[in-house]
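Here is a short report on one protein chain.

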Amino acid sequence: MSASSAIEKAKSLATPAEPQKLTGFNLYGRFAFAGAVCCAVTHGAFTPVDVVKTRIQLDPVTYNRGMIGGFRQVIANEGAGALLTGFGPTAAGYFLQGAFKFGGYEYFKQQSINTIGYESAKQNRTLVYVVSAGCAEFIADIALCPLEATRIRLVSEPTFANGLIGGFGKILKTEGLGAFYSGFGPILLKQVPYTITKFVAFEKVAEYAYANIFDKSKLSDAGQTGVNLGSGLLAGFAAAIVSQPADTMLSKINKTKGLPGESTASRLVKIAGELGLRGSFTGLSTRLVMIGGLTAGQFAIYGDIKKALGATGGVEIAK
């Protein structure tokens with residue numbers, strides 16, 4: 001062996017190899033898992049708030065005392081256990097939805113960059129965020145819709161069935177597969193604008209924070225989690241307001257079956273007319289608490305799990 005070869009070999013042994021960069025399924029599978037966990041945990045934790053919010057939307061005459069009053073009414077009438085009605089379909093549904101939503105968002109961002117180039121994507125990043133979030137949410141809603149229909153039926157009719165399996169099976173047996181997707185239109189009207197607003201607002205608030213308040217390169221992991229929490233909270237408030245009318249309509253359309261021969265579109269028109277503008281925002285204050293809190297938690301948990309799994313290959317196009 002020559003002297004130069006020996007030197008090169010010694011250098012290669014002395015210098016630690018760089019960790020292999022994750023790509024493909026190894027990367028996006030981690031994004032999907034982090035998204036699944038963050039959505040299942042946060043939506044599951046906010047089940048009691050969701051129960052009260054749904055009751056206010058479906059029966060505003062009875063539940064007319066606000067969020068705190070609604071909690072007291074549910075507990076007084078049905079016991080504290082009623083606040084966990086729908087926990088099973090909520091956790092399962094948003095586990096699936098979170099995987100497709102967060103994993104899909106990262107995937108479609110990368111596809112946008114592959115299509116138009118990094119510099120063009122950076123200059124038009126708001127459009128990239130909008131398209132990526134919208135595409136990801138459309139796919140996620142296909143998985144979410146049956147479980148969301150089951151959750152709303154369990155919450156609106158406490159005696160309908162005993163939990164996720166019983167409720168899912170009863171709807172399938174008595175109403176058929178189509179009943180699970182009777183609310184697909186409203187769920188798209190709710191979730192797509194919600195998710196677009198959520199991701200765009202989060203990206204913009206975080207970008208502003210790092211550009212004007214914090215130096216990301218010097219910020220600790222705890223500090224970055226704090227930025228994710230704050231950005232997520234503001235993003236959640238914005239998303240809740242944008243999607244509130246569709247959320248109310250979704251609760252209404254999943255409460256009962258339509259009339260024979262009545263289409264989903266005609267049901268939506270009828271519900272919208274009955275609600276009016278003011279009625280479509282019924283329960284907004286409760287939903288602001290719920291969506292603001294769970295969105296903040298989602299982005300904080302998502303960021304921490306990504307780091308723990310070494311999924312740091314996400315596409316960053318913020319300035």
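## Overall fold

Residues 24 or more positions apart account for 80% of the protein's contacts with a separation of 6 or more. This is a predicted model. The protein has 12 helices and zero strands. Along the sequence, the pattern reads α-α-α-α-α-α-α-α-α-α-α-α. The protein has 319 residues, and 48% of them are buried.

## Packing around helix α2

Two packed helices are described by the angle between their axes and the distance between the axes. Take α2 (residues 24–45) with α5 (residues 87–116) to begin with. Their axes come within 6 Å and cross at roughly 145°. The crossing of α2 past α5 is right-handed. Residues in this contact divide into 15 nonpolar, eight polar and two charged.

Helix α2 also packs on α12. Here the axes come within 8 Å and cross at roughly 145°. This crossing, too, is right-handed. From α2, the contact residues include Arg-30, Phe-31, Ala-34, Cys-38 and His-43. From α12, they include Met-290, Leu-294, Gly-297, Tyr-302 and Lys-306. The contact of α2 with α12 comprises 13 nonpolar, five polar and two charged residues.

## Two nonpolar cores

The largest nonpolar core holds 35 residues. Those with the most contacts inside it are Phe-31, Phe-102, Tyr-105, Ile-187, Phe-199, Tyr-302 and Ile-317. Six elements are named as giving two or more residues to this core: α2, α5, α7 (125–156), α9 (184–212), α10 (221–255) and α12. Of these, α9 gives the most, with eight residues. A second core is separate and has 14 residues. Val-49, Tyr-63, Tyr-194 and Leu-294 are among them.

What does Tyr-105 touch, not counting residues up to four places away in sequence? Its partners are Phe-100, Tyr-129, Ser-132, Ala-133, Ala-136, Phe-199 and Glu-203. Phe-199 is also on the list of residues with the most contacts inside the largest core.

Helix α3 covers residues 47–58, 12 residues in all. From its first C-alpha to its last it reaches 16 Å, close to the 16 Å expected at 1.5 Å a residue. How many of the residues of α3 are buried? The count is 12 of 12, and α3 is mostly covered. The buried residues include the charged side chains Asp-50, Lys-53 and Arg-55. Val-49 of the second core is buried in α3 as well.

Helix α12 covers residues 284–309 and has 26 residues. At 1.5 Å a residue it should span 38 Å. Its end C-alpha atoms are 36 Å apart, so the two values agree. Just after α12, Gly-310 takes a positive phi of about 75°.

## Lys-204 on helix α9

Lys-204 sits in helix α9. Is this residue buried, partly exposed or exposed? Its relative accessible area is 32%. Buried means under 20% and exposed means over 50%, so Lys-204 counts as partly exposed.

Which residues does Lys-204 contact, leaving aside neighbours within four places in sequence? The partners are Arg-125 and Thr-126. Thr-126 lies 78 residues from Lys-204 along the chain, yet their C-alpha atoms are separated by 8.5 Å.

Conventions. Residues numbered from 1 in each chain as written. Predicted model: local features only at pLDDT ≥ 70, side-chain atom pairs only at ≥ 80, totals over all residues. Heavy atoms only, no water. Axes fitted to C-alpha atoms, helices over the stretch in contact; angles between N-to-C directions. Helix = DSSP H or I, 4+ residues; strand = E, 2+ residues; numbered from the N terminus. Left-handed = near helix turned anticlockwise from the far one by under 90°. Expected span 1.5 Å × (residues − 1). Core = buried A, V, L, I, M, F, W, Y, C linked by side-chain atoms within 4.5 Å. Buried < 20%, exposed > 50% of the residue type's maximum accessible area, 1.4 Å probe, protein only. Contact = heavy atoms within 4.5 Å.
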